[in-house]
Amino acid sequence: MTSPSDHSSSSVSVGISPPVPEPKMSPSRSADDEVFRKSTLGAGRWAAILGILVVLAALSAVLCLQFGAQFVGINEIVRTFARMIEATSDRAGDADVMATILLQVRLPRIVLGFLVGCCLAAVGVALQALLRNPLADPYVLGVSSGAALGVSVAVLFGVGTTVLTMSVLPLCGFAGSLVALAMMYRMAASYDRLPIYSVLLAGVILNAIFSALIMFITSIMDPNRSFGMMIWLMGSLTAPAHPTLLVFSLYVLVCLGLLFRQVKVLNVMAFGEEPARSLGIDTEWAKRRLLLLSALMTGAVVSVSGMVGFIGMVVPHAVRLIVGADHRLVMPASALVGGTFLMVADTFARTVVSPSELPVGIMTALVGGPLFVYLLVWRKDRMS
């Protein structure tokens, strides 16, 4: 069995810290109890950090409401919401136009961006701890490529030209993610066990196969639909209908709640499977549960937003450097930071070349790529 010191030295060589620092003691029950006793998270610090992040998210949402093809001042936003609450207005026509811009276009898109960012960051935290790989992100399982393939097939057969496109395409993407999940599990599982290295290999293989199929389908599409498909694959947030957003919000909140309940398990699993078993955790069942949740969340996100990269990889790193390695704080903090980051990135994407619009995946890559390089170099300098 690999010793904790071996893991520590390997993490130094790549210049990135693992999700949770390895304990410098033997993986016995008493040793792990001592580690967690010393890293007990104070309720006051937990509430203060999350409270600050919630306030920042709310302020960012208000600022994002102002920007678009037409700038809307904060006073006008307040007046518009006040008119809606009172249900009376001396300028009914103007109020209707402003309410449409804010409530039918910008607000649903901001909420969708926040939920997508929350999911990607939270799943990134879970996978980095579970796979004990600092480069793991929500797309490592191949489920995202499966969702994208499902949408590609639907568009190829004309689903994208029907009036049901807003409701059918996400369902096709979600169905593709479930098929990919079943294939990944079938490829990785052996003798009622789910080895981590098999999961990674299965994800890499499925990503390669599905990506090739997506490129083939895109190449034989009608040029107009092919262009739209390429934009979607680069990450694209469009304002969903209120019923669609409500269903997606409920789904995301339930999945996030289930994932947040696994933070203590993640704290133990990050040390390795042997320490987790010594503490009485059924590691195989925990891996299946966490992988299933991660895959279902990733598939749902990709089906509505396309391939938005770097959030699930970079945000957990940045948050962990600031708040520490305890997943009871890292998980919700990363979700809030990821949601806020994607809200702001999408606002830039739809305003920087207005009236045209950039795929939000381009913005996250332009920001996330250099940030990840900075974290890599900065961490390596500190460890040298």
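A salt bridge here is a side-chain nitrogen of Lys or Arg within 4 Å of a carboxyl oxygen of Asp or Glu. This is a predicted model, in which local features need pLDDT of at least 70 and side-chain atom pairs count only at pLDDT 80 or more, while totals for chains, interfaces and linings use all residues. Residues are numbered from 1 along each chain as its sequence is written, and side-chain values use heavy atoms, with hydrogens and water left out.

**Stop 1: salt bridges**

Over the whole structure, a search finds 10 salt bridges. Select Arg350 and Asp346: their side chains form a salt bridge, with 3.8 Å between the closest N and O atoms. The two residues are four apart in helix α15, so about one helical turn separates Arg350 from Asp346. Helices (H or I, at least four residues) and strands (E, at least two) are DSSP runs, numbered from the N terminus. Both Arg350 and Asp346 are buried. Buried means under 20% relative accessible area, exposed means over 50%, and partly exposed lies in between (1.4 Å probe, protein chains only).

Next select Arg328 and Asp326. Their closest N and O atoms are 2.6 Å apart, in another salt bridge. Arg328 has a relative accessible area of 28% and is therefore partly exposed, whereas Asp326 is buried because its value is 13%.

Now go to helix α12, residues 273–278, which holds Glu273 and Arg277 four residues apart, about one turn of the helix. Their side chains meet in a salt bridge of 2.9 Å, N to O. Glu273 counts as buried because its relative accessibility is 14%; Arg277, at 30%, counts as partly exposed.

**Stop 2**

Show α15 (residues 327–351) with α3 (residues 43–66). The axes of these helices come within 10 Å and cross at roughly 15°. Axes are lines fitted to C-alpha atoms, for helices over the stretch in contact, and angles run from 0 to 180 degrees between N-to-C directions. At that angle α3 and α15 are therefore roughly parallel to each other. The cut-offs are under 35 degrees for roughly parallel, over 145 for roughly antiparallel and 65 to 115 for roughly perpendicular, with the rest called oblique. The crossing of α3 and α15 is left-handed, a term used if the near helix is turned anticlockwise from the far one by less than a right angle; clockwise makes a crossing right-handed.

The crossing of α14 with α15 is right-handed.

**Stop 3**

Which loop holds Phe310? Select the stretch between α13 (283–305) and α14 (311–323), and Phe310 is there. Phi of Phe310 is near 75°, a positive value in a residue other than glycine. Most residues other than glycine have a negative phi. Phe310 has 33% relative accessibility and therefore counts as partly exposed.

**Stop 4: a nonpolar surface patch**

Switch to a surface view and select Val179, Met183, Met187, Tyr197, Leu201, Ile205, Ile209 and Leu213. They make a nonpolar patch of about 750 Å². The elements giving two or more residues to the patch are α7 (165–188) and α8 (196–220), and α8 gives the most, with five. Patches are made of residues with over 30% relative accessible area and no salt bridge; like charges are joined within 9 Å, nonpolar side chains (Val, Leu, Ile, Met, Phe, Trp, Tyr) within 5 Å. Accessible areas come from the Shrake-Rupley method with a 1.4 Å probe, and for residues only the protein chains shown count as cover. Val179, in helix α7, counts as partly exposed because its relative accessibility is 48%.

**Stop 5**

Select Val123 in helix α5 (residues 92–130). Val123 is buried because its relative accessible area is 1%.

Finish with Leu149 in helix α6 (residues 143–156). At 13% relative accessibility, Leu149 counts as buried. Phe210 is 61 residues from Leu149 in sequence and 6.4 Å from it in space, C-alpha to C-alpha.
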